[in-house]
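Thanks for asking me to look this one over.

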Amino acid sequence: GLGGQGVGEDSFRVWERTFCRGSRPRSPRVRMRFMLLFSRQGKLRLQKWYLATSDKERKKMVRELMQVVLARKPKMCSFLEWRDLKVVYKRYASLYFCCAIEGQDNELITLELIHRYVELLDKYFGSVCELDIIFNFEKAYFILDEFLMGGDVQDTSKKSVLKAIEQADLLQEVRARDDEEEEQEE
Amino acid sequence: MPAVSKGDGMRGLAVFISDIRNCKSKEAEIKRINKELANIRSKFKGDKALDGYSKKKYVCKLLFIFLLGHDIDFGHMEAVNLLSSNRYTEKQIGYLFISVLVNSNSELIRLINNAIKNDLASRNPTFMGLALHCIANVGSREMAEAFAGEIPKILVAGDTMDSVKQSAALCLLRLYRASPDLVPMGDWTSRVVHLLNDQHLGVVTAATSLITTLAQKNPEEFKTSVSLAVSRLSRIVTSASTDLQDYTYYFVPAPWLSVKLLRLLQCYPPPDPAVRGRLTECLETILNKAQEPPKSKKVQHSNAKNAVLFEAISLIIHHDSEPNLLVRACNQLGQFLQHRETNLRYLALESMCTLASSEFSHEAVKTHIDTVINALKTERDVSVRQRAVDLLYAMCDRSNAQQIVAEMLSYLETADYSIREEIVLKVAILAEKYAVDYTWYVDTILNLIRIAGDYVSEEVWYRVIQIVINRDDVQGYAAKTVFEALQAPACHENLVKVGGYILGEFGNLIAGDPRSSPLIQFNLLHSKFHLCSVPTRALLLSTYIKFVNLFPEVKTTIQDVLRSDSQLKNADVELQQRAVEYLRLSTVASTDILATVLEEMPPFPERESSILAKLKKKKGPSTVTDLEEAKRERSADVNGGPEPAPASASAASTPSPSADLLGLGAAPPAPTGPPPSAGGLLVDVFSDSASAVAPLAPGSEDNFARFVCKNNGVLFENQLLQIGLKSEFRQNLGRMFIFYGNKTSTQFLNFTPTLICADDLQANLNLQTKPVDPTVDGGAQVQQVVNIECVSDFTEAPVLNIQFRYGGTFQNVSVKLPITLNKFFQPTEMASQDFFQRWKQLSNPQQEVQNIFKAKHPMDTEITKAKIIGFGSALLEEVDPNPANFVGAGIIHTKTTQIGCLLRLEPNLQAQMYRLTLRTSKDTVSQRLCDLLSEQF
């Protein structure tokens, strides 16, 4: 007779894949990959990467993810699977705050992490708006750095973080000749 | 101008930002930016030394321009200068610039490291904080080399301030993730564990993150953290909502720390009884709190509270040992399934999936089936519906399979395109797994093809054929059903394939019915023939020759069809050959010979005898996570599908058109490993020396060669372990995903894959990877990512050594990792004239390497072309005056240089030989590429 050929020599390979979701062993690995702030118009306002990523790849990811998130409707859930990551996002007024975490990380606590960051910005700028973040982008970075390091929470206490930032502000010298110089320059 | 300008507002910066915002067009913006860049450049180059403030301002402007998406190629030196400023804000901006725009320039890194060293030694906590942040932000190997020894000391020193401790802990964590080999364990580890007892909750939070990651790789070393974590958790969950002051978040005490502690506990099995009792109390308290009325209406309150709850449920599932807790968790999630918050419904569906796999809670999960089905029908968000599909799949068993499969099929009619293929696979698996009545199985698969034929991959229809062939009781029904399904005026090509195959084997079982006489069956199939693709037509031709044997009465009709010009002179060589050979076979062979050659297919080896064993096996070693990839894999590895082609010697000599285009199918199959008794090198069960690296596994060379022209596939497989690869390369960079699948049902312990680069390779090829979990559960799969940088051209390949413990024995496997120079090829198209001009330019004798060798595989033009393209170079048509020759061109990208490469392959069919000539600007590159490519033909 004819030899059994072709059919299903290892046709299970693909089938196996579907078993991975749902019953995969949970690994305690937790990591945030990046955080983005962008406007409803799709303008990137802040980006923080916690895993080395090439500039080209970053741009591609930002573009792609903004598209996905901006297309979502208001009542939809705040989590979505994207590439091999989970994206947690929330919109505050005109700004989207968006974190990409690894599949096993805790979604709700990430959502509150975003909220805490917004609170910190709010407290620092006094009712923060998009313009504050545009004109003081370096401050937005400093506050984020004070709050998160390498994608992990450094301190969740609002007081501690703000104290650190305020101390830094106190350290800076007031530059009297600031304005004059600028006038000359422009 | 905005009113806000906190601290040291840099007015020049604000003006510039305003200008940019006022630009009406992209062109105007670019113009303004170029003007600014020119201004900054001239300031930096100017004779007048800039003061710190100006430097800071300009560096900040550059940063802003970069963040707008423009490239910045200067200013690094000025930023580095700022690092050594004594003014905090100048230093701060300098560090920010470095963090965002780190340059791999080694000279610069040395200067940066110097500045960091000074700040770390300054004992000024704010300066130390900045330095630690910079290390964490950059996280490169050079930084790890410089500071991995220093940071643990800072972390555990008695006089270090709390805020610095927090930064040091997370900084160390970052370095450990990037370069674990550079962070040595030592005395400091026990002191880090005791930070769990620290007064300062911020310190505890940061330390918990660090310990969790370290404990995954070194569970023994951090074992004492379990009891400390439990008592800390216990203190938090029993505290009043105001006890923890600023660490209480919307009335929830320390939610971040609670989540992290629960996460840390998931690194370990359930603790000893004493600690365990306390932990159970904690978990019960958390579950109880979920039932209490909320202390605030704010969503932040419920999110924080539920974040802790979900993490507690994760731990309960991880332990999988307390039936009470598991059932309570399930009930809690059941409540969330109907919650008005979409987020909670999503998470409940997701979390229940894992509960469904526990024997203690499987039944409890099943009680929610109606709610989940309802979610599938009513949820407005596709990501939630996706979770519902997952959960239905996870909760499926023999008792509810028919209902779940029916619901999934009906959902499939309207399902989003993005998830259809996955649903098809799930339905196919469930239908097979829980089929009691195989007629139901056949109906289900045919329904799948009808509803979503485009999404039914080969595996699915191969499988239905396999099962029908193996089960006598369903063959007649299958023949009748496909015959009926084929009556539809427009049926999917996959149905034609299944129908053709099944009728070719079992058409005789329904031929007694005059409504499905042999001639009617044939006419029905042949009416679809011209609408089908080549592979399907090839399959149908095989069905026809089978009919010749089954039904002598239609022999002449079929011979007429085979004899027609459209078959015998078909432009497709495979179809033509089949027609010629089948026609000849039907004419010359005696009835006996026909009957023998075209006999019914014998049963396929039973793989599915024990469903449970299969499930366990299937769960793990999936080499591919991406379905598209998987499909490509399949079509590259399987020779033409389940065609009932006769095994005539001449037919076998020609590769089928759907055969592996890259010719990889011709390579020896992946070794399945010798039997354990063979005492082979593959699984050295007797070896005890954990440090010795195993010699290369047999077959490693062959497998290695298979990957030269492709990037994905199975690299290694034995009875225990399967290693799959998926990789991508761009310019001089690459990324490889290594999938380790545990094929057994027993845990692998101390699982340690190591990449080994020989000394001279190390300088030329930079590999970075993160460690994997030391424990690989039975049937599980872990993934490791290797980031690859080609620094300079190289010859040797890295070796992947894997060591682990399996059921008390030490296992040690080594395989060559197929990272070869040609992966960094970028194809270059060029015209004939250009090609020959360059060819002549590279006429220096050292630049050319030539090899004349015998063909190891059939000399097929199309396959050769595909291999050259797979090798990475462009295939240039109409360049060589002799059309039988192949010419290619490309550029090898390395970090240090780019090397132009030209190649020419001249086949000599008569002698079954090839001559391959490589010309590149570098002799070692010519040699290596020539060696690699010669092995492929």
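**Notes on the model**

1. Asn822(B) sits in the loop between strand 10 (809-816) and strand 11 (825-827) of chain B. Helices (H or I, at least four residues) and strands (E, at least two) are DSSP runs, numbered from the N terminus. Asn822(B) is buried, because its relative accessible area is 2%; buried means under 20% relative accessible area, exposed over 50%, and partly exposed in between (1.4 Å probe, protein chains only). Its side chain makes a polar contact with the side chain of Thr820(B), at 2.6 Å. A polar contact is a pair of N or O atoms within 3.5 Å; within protein, one must be able to donate a hydrogen and the other to accept it, and residues adjacent in sequence count only if both atoms are side-chain atoms.

2. A word on the basis of these notes. This is a predicted model, in which local features need pLDDT of at least 70 and side-chain atom pairs count only at pLDDT 80 or more, while totals for chains, interfaces and linings use all residues. Residues are numbered from 1 along each chain as its sequence is written, chains are lettered from A and ligands numbered from 1 in the order in which they are written, and side-chain values use heavy atoms, with hydrogens and water left out.

3. Chain A has seven helices and seven strands, and from the N terminus its elements run α-β-β-α-β-β-β-α-α-α-β-β-α-α. Of its 186 residues, 63% count as buried.

4. Now for the charged pairs. Over all chains, the whole structure holds 52 salt bridges, a salt bridge being a side-chain nitrogen of Lys or Arg within 4 Å of a carboxyl oxygen of Asp or Glu. One of them joins the side chains of Glu107(A) and Lys86(A), at 2.9 Å from N to O. Glu107(A) belongs to helix 3 (residues 107-125) of chain A and Lys86(A) to strand 4 (residues 85-92) of chain A, so this pair ties together parts 21 residues apart in sequence. Both Glu107(A) and Lys86(A) are buried.

5. Glu119(A) has a salt bridge with Lys158(A), and their closest N and O atoms are 3.6 Å apart. Here helix 3 of chain A, which holds Glu119(A), is linked to helix 6 (residues 158-171) of chain A, which holds Lys158(A), across 39 residues. Glu119(A) is buried at a relative accessible area of 12%, whereas Lys158(A) counts as partly exposed at 23%.

6. In chain B, Lys895(B) and Glu789(B) form a salt bridge with closest N and O atoms 3.9 Å apart. Lys895(B) is in the loop between strand 14 (886-893) and strand 15 (898-908) of chain B and Glu789(B) in strand 8 (residues 781-790) of chain B, so parts 106 residues apart in sequence are tied together. Lys895(B) is partly exposed, with a relative accessible area of 44%, while Glu789(B) counts as buried at 18%.

7. Helix 4 (residues 76-83) of chain B is mostly covered, with six of its eight residues buried. They are His76(B), Glu78(B), Ala79(B), Val80(B), Leu82(B) and Leu83(B).
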